[in-house]
Amino acid sequence: MANAWRRNQPIKILNPKNLLLFVCTSLLLLAFLYLASQTPQNPIIPAKNLKKNPTFNGDSFPDRPIKPFDCYNTPQAHPVFANIVEGLKYPFLYSLSDFGNLPEKPHKNIVRTLKGKPFRRPDISATVQEVLEKMKGEEGRTGIFVDVGANVGMASFAAAVMGFKVLSFEPVFENLQRICEGIYFNRVGELVEVFEAATSDHSGNITFHKLVGRLDNSAVSSVGAKMAFKSNEEIVLQVKSIPLDEMIKESEPVLLLKIDVQGWEYHVLKGASKLLSRKKGEAPYLIYEEDERLLQASNSSAKEIREFLHSVGYRQCTQHATDAHCIKTN
């Protein structure tokens, strides 16, 4: 009789134990719905869409005289050593093309990673983000970033993760492979076009000197390439050359032009005369390496560059270490 009495008692649904379980479940559900509704700053581009981008399948834009580098069908470099960059408002990842002397003296960023630290912030990455953020915020300008001498993409990705369209020019194959990795790591396949070419004041092929173990010091000038690393092996090859004026339409707005080509800067600037001759407010902010030793190795000089820039209206230049920053004044 006692058991029968208990079976007939009403079940207490809102007892303290069930109430606590209900509250916890509701909070977890709300947290899940909130996180699912948030859009990440750099949304992931599904792999199936990468092949649609010219950078990944080599399809040419109708208004570009040369095709983008074919990241999709390019052999994968290995090993891959990549990490995030420290101390940037808009962080990104890039991978190394030079590893240093392994295992005795590895690249400093490999050592940092093994210690649990991110890659050291390249100065050019911070500079590019500062300039573009100022242009976008204070001046309200929109447009593309042109990276000449892109190396492994430290400037290109700094702009791309901010949402800017990027045109990158790099003639060294090993560096191009690393740029392709960075495009995938940072999910910026819809923003970055990469071209396997040097830029100059004429179209055709030019002799290029690739420095083994220091690919960032590769240059058109043999003297310039080996100036700081005389003992490194040098490989001479022919690379495609094209002026920027042939690659960039007059209707394309260019916010920032960065040039770092180990002494070949004058020839790149001459090939961008139309771009630099745009009126104030439409001409790009200019950053270029101004190293007198490297310039002289390529039969030019800082004075020659400044005179040319003055002729196209860039009359305000300031020195930042070995880089010059110039703006259009009239």
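Hi everyone, let me start with a convention: a crossover counts as right-handed if, with the strands pointing away from the viewer, the path from the first strand over the helix to the second runs clockwise. Helices (H or I, at least four residues) and strands (E, at least two) are DSSP runs, numbered from the N terminus.

Please keep in mind that this is a predicted model, where local features need pLDDT of at least 70, side-chain atom pairs count only at pLDDT 80 or more, and totals for chains, interfaces and linings use all residues. Residues are numbered from 1 along each chain as its sequence is written, and side-chain values use heavy atoms, leaving out hydrogens and water.

With that convention, strand 6, helix 8 (residues 173-185) and strand 7 make a right-handed β-α-β unit. Strands 6 and 7 run parallel, joined by 4 bridges, and Val166 stands opposite Val192 in strand 7. Strand 6 (residues 165-169) is mostly covered, with 4 of its 5 residues buried (under 20% relative accessible area, 1.4 Å probe, protein chains only). On to strand 5: 5 bridges join strand 5 to strand 6, again in parallel, and Asp147 has Ser168 as its bridge partner in strand 6.

Now the whole sheet. Two strands pair if DSSP finds at least two bridges between them. Here 7 strands form an open sheet in the order 7-6-5-11-12-14-13, with mixed pairing. Strand 7 (192-195) and strand 13 (316-320) are the edges, each with a single partner strand, so one side of each has no neighbour in the sheet.

Terms used:
Buried < 20%, exposed > 50% of the residue type's maximum accessible area, 1.4 Å probe, protein only.
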